[in-house]
Amino acid sequence: MKWLNEEDIENIAIGAAVLGTGGGGDPYIGKMMALSAIKKYGPVQVISIDELKDDQWVLPASGMGSPSVLVEKIPSFEQLAAPLKAFEKVTGKKTDVVMPIEIGGVNSLIPVAVAAMNKIPILDGDAMGRAFPEAQMVTFHLDGLKPEFVTIADEQGNTVTIEPADGHWSEKLSRNVTISMGGSSIVCDYGITGKQAKKSVIPGTLSLARQIGTLLKEQRNAAVHPIVQMLDILGGYKIFKGKAMHIQRGIQGGFTRGEAHFDGIDENANQSCTLFFQNEHLLAEVDGKPIAMAPDLIAVLDEETGMPITTEGLKYGARAVIVAFPAHKKWRTPIGIETAGPRYFKYPYDYIPLETLVKEHSSK
């Protein structure tokens with residue numbers, strides 16, 4: 001995947017919506033932004049971690065805020081360009097490579113548009129291996145790095161630069177600025193060297209998203225169903241099949257928060273499943289007992305097509321297959337669980353690995 005073509009972007013959008021665990025913004029919006037930017041500014045080169053030079057300057061670009069708001073406020077090219085320009089101004093460093101901060105929805109493809117506009121490559125990797133709702137929930141934070149500067153821009157032409165004390169203050173200050181900007185913004189943060197990226201970035205996630213998207217677009221009559229192939233690649237599990245019966249969703253504190261209730265069908269008849277989300281799915285319970293929890297990944301797929309359904313796109317009556325995958329090993333460390341485990345989100349559970357929970361459920 002040396003240069004991104006239209007089919008790559010289409011597939012990345014699908015795969016990133018799976019890895020984005022329901023969040024990261026609407027992948028359709030990201031796809032259209034990336035395609036428009038490439039059409040206007042030219043193709044985008046993709047480089048691997050191994051191709052990155054130690055002294056190159058790598059800058060993540062992403063959207064912040066509620067996915068519900070982003071649907072109504074699609075960023076312009078001017079808004080996409082502003083945070084990178086502001087970051088370069090305050091640091092005096094020219095950006096050599098951009099990267100996704102997370103591999104989820106629109107945030108996998110915003111940096112594609114930024115790369116096209118600046119005629120620089122995009123890194124095949126991210127800082128989460130999924131999507132998380134808060135700014136400090138990145139592998140840079142796990143490795144002790146802090147965002148020395150954060151630049152934030154809105155559609156009105158406002159750009160704000162902050163110097164947070166650490167990742168938690170970055171989240172708090174950036175979130176409040178984003179709320180003041182109407183609930184969504186474009187952000188650059190955690191500028192790092194290529195040497196730092198090689199230590200902290202989760203490699204190959206754009207390629208992985210493309211692989212997943214390619215699988216899910218295959219014909220449903222394939223010898224092995226694409227969802228089964230995807231679960232095999234990701235070491236994942238099918239945890240529930242059901243019909244969405246009630247969705248409670250609202251914007252609170254700059255996030256889309258809520259829960260979704262499913263009645264079981266087929267092999268899960270007479271069972272129920274509840275998903276709890278804060279932009280992303282963070283906890284799944286079957287019959288009131290946990291079966292998957294952050295930092296492990298939970299995704300909702302359309303029963304018929306296998307295509308991912310975001311927390312914003314989930315509707316009453318949707319027949320869905322709920323799947324889950326183990327998080328990257330960086331998130332299963334004590335600091336990873338402290339940063340993005342169930343207790344952080346105020347769920348009443350200590351973290352239990354997905355494999356253990358699935359085994360416990362299957363033995364009953």
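Residues are numbered from 1 along each chain as its sequence is written, and side-chain values use heavy atoms, with hydrogens and water left out. Because the model is predicted, local features need pLDDT of at least 70 and side-chain atom pairs count only at pLDDT 80 or more, while totals for chains, interfaces and linings use all residues.

The structure holds 14 salt bridges, each being a side-chain nitrogen of Lys or Arg within 4 Å of a carboxyl oxygen of Asp or Glu.

Begin by selecting Lys 2 and Glu 51, whose side chains form a salt bridge at 2.3 Å, N to O. Lys 2 sits in the segment before α1 (6-19) and Glu 51 in the loop between β1 (46-47) and β2 (57-65), so this pair ties together parts that are 49 residues apart in sequence. Helices (H or I, at least four residues) and strands (E, at least two) are DSSP runs, numbered from the N terminus.

Next, select Lys 241 and Asp 266, which meet in a salt bridge at 2.6 Å, N to O; Lys 241 belongs to strand β11 (residues 237-252), and Asp 266 to the loop between β12 (255-264) and β13 (272-278). Lys 241 is buried at 13% relative accessibility, whereas Asp 266 is partly exposed at 46% (buried means under 20% relative accessible area, exposed over 50%, partly exposed in between, with a 1.4 Å probe and protein chains only).
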